[in-house]
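I opened a new notebook page for this structure. I want to go through its helices and a few single residues in turn.

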Amino acid sequence: MIQYTLDPHCIDDFEKYAMTWPPIIERCGGTLVGYYLPKEGANDYALAIIDFKSLTEYERYRESLTADPDARANFQHAKETRCISAERRSFLRKV
């Protein structure tokens with residue numbers, strides 16, 4: 001799970017960022033559950049949930065992202081637009 005703190009004035013930039021990820025995530029080995037953007041309540045908070053069978057698969061996925069040109073371009077988009085103020089990653093297990 002990735003928790004994002006957003007610049008509320010850049011939600012459209014973050015939405016573009018989020019909509020770019022699905023094919024990249026699948027190609028690199030993750031299973032995207034979804035991106036969740038503000039609707040009611042806090043306007044500076046979003047989530048992404050990506051599923052992995054194991055921590056090892058997650059680590060391989062992270063390595064693949066660094067080599068993927070589309071992933072690098074999307075990270076650059078977020079950096080240039082400053083739509084993300086903070087990002088927190090957690091690896092959770094299903095119960």
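Predicted model: local features only at pLDDT ≥ 70, side-chain atom pairs only at ≥ 80, totals over all residues.

Next I looked up which residues of α2 are buried. They are Tyr58, Tyr61 and Leu65. These cover an arc of only 55° around the axis, which puts them on the same side of α2. I then asked what covers the buried residues of α2. The cover includes α1, β3, α3 and β4.

α2 has 13 residues and reaches 19 Å from its first C-alpha to its last. That is close to the 18 Å expected at 1.5 Å a residue.

Alanine 67 is found in helix α2. Its relative accessible area is 54%, and over 50% counts as exposed, so alanine 67 is exposed.

**Entry 1: helix α1.** I moved to α1, residues 11–28. Its 18 residues should span 26 Å at 1.5 Å a residue. The end C-alpha atoms are 25 Å apart, which agrees.

Where does α1 have a kink? I found it at tryptophan 21, shortly before proline 22. The kink is about 40°.

I listed the buried residues of α1: Phe14, Tyr17, Ala18, Trp21, Ile24, Ile25 and Cys28.

I noted what comes after the helix. Glycine 29 follows α1 and has a positive phi, near 115°.

**Entry 2: the core.** I looked for the largest nonpolar core. It has 23 residues. Those with the most contacts inside it are Tyr4, Phe14, Trp21, Tyr35, Tyr61 and Ile84. The elements giving two or more residues to this core are β1, α1, β3, α2 and α3. Which element gives the largest share? That is α1, with seven residues.

I picked phenylalanine 14 and listed its contacts. Not counting residues up to four places away in sequence, phenylalanine 14 touches Tyr4, Leu6, Tyr35, Leu37, Ala46, Cys83 and Ile84. Among these, Tyr4, Tyr35 and Ile84 are also on the list of residues with the most core contacts.

**Entry 3: helix α3.** I turned to α3 and its 13 residues. From first C-alpha to last, α3 reaches 18 Å, close to the 18 Å expected at 1.5 Å a residue.

Its buried residues are Ala71, Asn74, His77 and Ala78. Seen down the axis of α3, they fall within an arc of 115°, so they line one face of the helix. The face turned away from them carries the exposed residues Pro69, Lys79 and Glu80. What covers the buried residues of α3 includes α1, α2 and β4.

What caps the N-terminal end of α3? I found aspartate 68 there. One of its side-chain oxygens lies 2.9 Å from the backbone nitrogen of aspartate 70.

I took histidine 77 as a single case. Histidine 77 sits in helix α3. Its relative accessibility is 13%, and the limit for buried is under 20%, so histidine 77 counts as buried. Leaving out residues up to four places away in sequence, histidine 77 touches Asp13, Lys16 and Tyr17.

**Entry 4: two loop residues.** Arginine 82 lies in the loop between α3 and β4. Is it buried or exposed? At 65% relative accessibility, arginine 82 counts as exposed. Its phi is near 55°, a positive value in a residue other than glycine. I noted that most residues other than glycine have a negative phi.

Last, I looked up aspartate 44, in the loop between β2 and β3. At 32% relative accessibility, aspartate 44 counts as partly exposed. Aspartate 44 touches Tyr4, Thr5, Leu6, Pro8 and Pro38, not counting residues up to four places away in sequence. I also looked at aspartate 44 and aspartate 70, which are 26 residues apart along the chain. Their C-alpha atoms are separated by 25 Å.

Methods: Residues numbered from 1 in each chain as written. Heavy atoms only, no water. Helix = DSSP H or I, 4+ residues; strand = E, 2+ residues; numbered from the N terminus. Expected span 1.5 Å × (residues − 1). Bend = angle between axes of the 7 residues up to and from the residue. Buried < 20%, exposed > 50% of the residue type's maximum accessible area, 1.4 Å probe, protein only. Arc of directions from axis to C-beta. Contact = heavy atoms within 4.5 Å. Polar contact = N/O pair within 3.5 Å; in protein donor to acceptor, adjacent residues only side chain to side chain. Core = buried A, V, L, I, M, F, W, Y, C linked by side-chain atoms within 4.5 Å.
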